[in-house]
Amino acid sequence: MQIKVTAPQGMRGRIQLPSSKSISNRALAIGALAGCGMDLVENVSDCDDTCVMRAWLKNRPATIDIGAAGTAMRFSTALLSVSEGTHIITGSARMKQRPIGVLVDALRQLGAQVEYVEKEGYPPLRIVGNPRLAGGEVQLSGSVSSQYLSALLMIGPNLEKGLKLVSSDKMISRPYIDMTLSVMRHFGAKASWVDERTIVVEPVPYQQKSYRVENDWSAASYWYEMVALSLDPDAEIVLPGLFVESLQGDSHGAEVFEMLGVSTEHRGEDVVLRKTGRCVERLDYDFVSMPDLAQTFVVTCCMLGVPFHFTGLQSLKIKETDRIEALKKEMAKLGFVLEDLNDSELLWNGLSSPVESPLPIDTYEDHRMAMAFAPAALRCGALLVNNPQVVSKSYPKYWEDLEAVGFEIEEI
């Protein structure tokens, strides 16, 4: 499937964002460990990643197909390790290429029975659950995906000895770890940082409580991008349901967009985005705490003509696709040549080549490629996007919301 995205002249509207996928999946997993019914978790995301979590938690099949949901794969692997029964957990072709050995090794240190069904180090997995898993101390690198660390932390209260998580180096994406700890504490867990490399979770069982999920700051980033790229000086987007004191590290994207000409006003329960007319000449930024926004800022900076040097991107190599390579290939279609360094940095020197009719943007089964590139139509006039349905992974109504503010979305 391919669509043509044609940009509007103006940019005004009120958009109801999806709830946070990250928080939804944490709340569902912890709620399951607490013995809560899923109806106690309110405002749950309707995205693909959360739907697969809800489906297997409800039906508990012997074989669980997690599809392309990386968060669900990692959280579910840990959850199944402390649950009754034997299960096989598998996923899409891409999921079978995404490494999970770090998490499996850590779970084995805690006494879990996890085996590889096909390729060593990758899904699918065969898991023999044990609700009385011993637990104790586990050591691993903090430079890996924070989802591994969060998966281990969430089962900590259910381990007989609790959990002491020790990182051999600095933990990346700390806001996601803090998010996990916050949701855990809401359900009664006793978990705390000892130092910057050590977290202790006491063997104190979760309590059954209700929980309301906040809306998604990652989804908000695309609307910031649209305001930044709009040629309408009076562009204004209102986003309800975003918390000022958010658990989401991606909420700090608002501060970076301030440097790219977008202001944020908190008005009651609404967040209001407007153009300021002020933009930096160059942007250097470390995205280690919010790597999911890297694609958004790469496209925004290029389309605004703002040279950049982005670091802290090491986790992009093992996302839904290799996002560093995907960004290089797709930005080249728009006339921008990006340079990468050390598998963790992206640079653009400010030079570009005019492109009269860009080639269709490929999305690589990656929702964030589709959502980050579509706003470029505001500067290109129109853009073709292949396989646009991938947005269902985190923001199922994305294209409908674009139409609501005047974009034309035409199936080709």
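These entries record what I looked up in a predicted model.

**Whole chain**

I began with the secondary structure and found 13 helices and 21 strands in the chain. I then took the radius of gyration, which is 21 Å and close to the 22 Å that the globule rule gives for 412 residues, so the chain is as compact as a globular protein of that length. Along the principal axes, the C-alpha atoms fill a box of roughly 60 × 45 × 40 Å.

For burial, I noted that 58% of the 412 residues are buried. The chain exposes about 16000 Å², and carbon and sulfur atoms supply 47% of that area. I also looked up contacts between residues at least 6 apart in sequence: 75% of them join residues at least 24 apart.

**Sheet with S1**

Next I looked at an open sheet of 3 strands, in the order S20-S1-S21 with antiparallel pairing. Strands S20 (382-386) and S21 (408-411) each have a single partner strand, so one side of each is left without a neighbour in the sheet. The twist averages 25° from one strand to the next.

I checked the pairing of S1 (residues 2-6) with S20 and found 5 bridges, the two strands running antiparallel. Within this pair, Val-5 stands opposite Leu-383 of S20.

**Strands S6 and S7**

My last entry concerns strand S6 (residues 113-116). Its covered face holds Val-114 and Tyr-116, while Gln-113 and Glu-115 are on the uncovered one. I found 4 bridges from S6 to strand S7 (residues 125-128), and the two run antiparallel. Val-114, on the covered face of S6, has Ile-127 as its bridge partner in S7.

Note on methods:
Residues numbered from 1 in each chain as written. Predicted model: local features only at pLDDT ≥ 70, side-chain atom pairs only at ≥ 80, totals over all residues. Heavy atoms only, no water. Pairing = 2+ DSSP bridges. Axes fitted to C-alpha atoms, helices over the stretch in contact; angles between N-to-C directions. Buried < 20%, exposed > 50% of the residue type's maximum accessible area, 1.4 Å probe, protein only. Rg over C-alpha atoms; globule rule 2.2 N^0.38 Å. Contact = heavy atoms within 4.5 Å. Areas by Shrake-Rupley, 256 points an atom, 1.4 Å probe, with all protein chains shown as cover.
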